[in-house]
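Subject: Structure handover and notes

Dear colleague,

I am passing the structure below on to you, together with some notes on what was found in it. Please read the notes with the structure open beside them.

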Amino acid sequence: MNNTTPEIEDRVIWRPDLEKTLGRSSSTIRRWLQDGRLPKPDVDISRRTQGWRLSTLHDAGIRVT
């Protein structure tokens, strides 16, 4: 099968990286999670060790690279 669409890397964006990329504080990210402005993390090991798949963020309209 010949796939002409390049495969997009669906890496995990960790919470500190998301905070830095979006320019928002930890408390803002927490508030956005509570308000439903951010999707639930795909990886949730602890409060500080959370991560989102790139595709999950893109599906929610959040553009990070």
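Predicted model: local features only at pLDDT ≥ 70, side-chain atom pairs only at ≥ 80, totals over all residues.

Residues are numbered from 1 along each chain as its sequence is written, and side-chain values use heavy atoms, with hydrogens and water left out.

The protein chain has three helices and three strands, where helices (H or I, at least four residues) and strands (E, at least two) are DSSP runs numbered from the N terminus. Read from the N terminus on, the elements follow the order β-α-α-β-β-α. Of the 65 residues of the protein chain, 26% count as buried, that is, under 20% relative accessible area, with exposed meaning over 50% and partly exposed in between (1.4 Å probe, protein chains only). Taking contact to mean heavy atoms within 4.5 Å, residues 24 or more positions apart account for 45% of the contacts in the protein chain with a separation of 6 or more.

The three strands form an open, antiparallel sheet in the order S1-S3-S2, with two strands counted as paired if DSSP finds at least two bridges between them. Strand S1 (12-14) and strand S2 (43-44) each have a single partner strand and stand at the edges, so one side of each is left without a neighbour in the sheet. Three bridges join S1 to S3, and Ile13 has Trp52 in S3 as its bridge partner. Two bridges join S2 to strand S3 (residues 50-53); here Asp44 stands opposite Gln50 and Val43 stands opposite Gly51. S2 and S3 form a hairpin with five residues between them.

Helix H1 (residues 15-22) lies across S1 and S3 and runs at about 80 degrees to S1, the axes being lines fitted to C-alpha atoms, for helices over the stretch in contact, and the angles running from 0 to 180 degrees between N-to-C directions.

Leaving aside residues up to four places away in sequence, Val43 touches Val12, Trp14, Thr49, Gln50 and Gly51.
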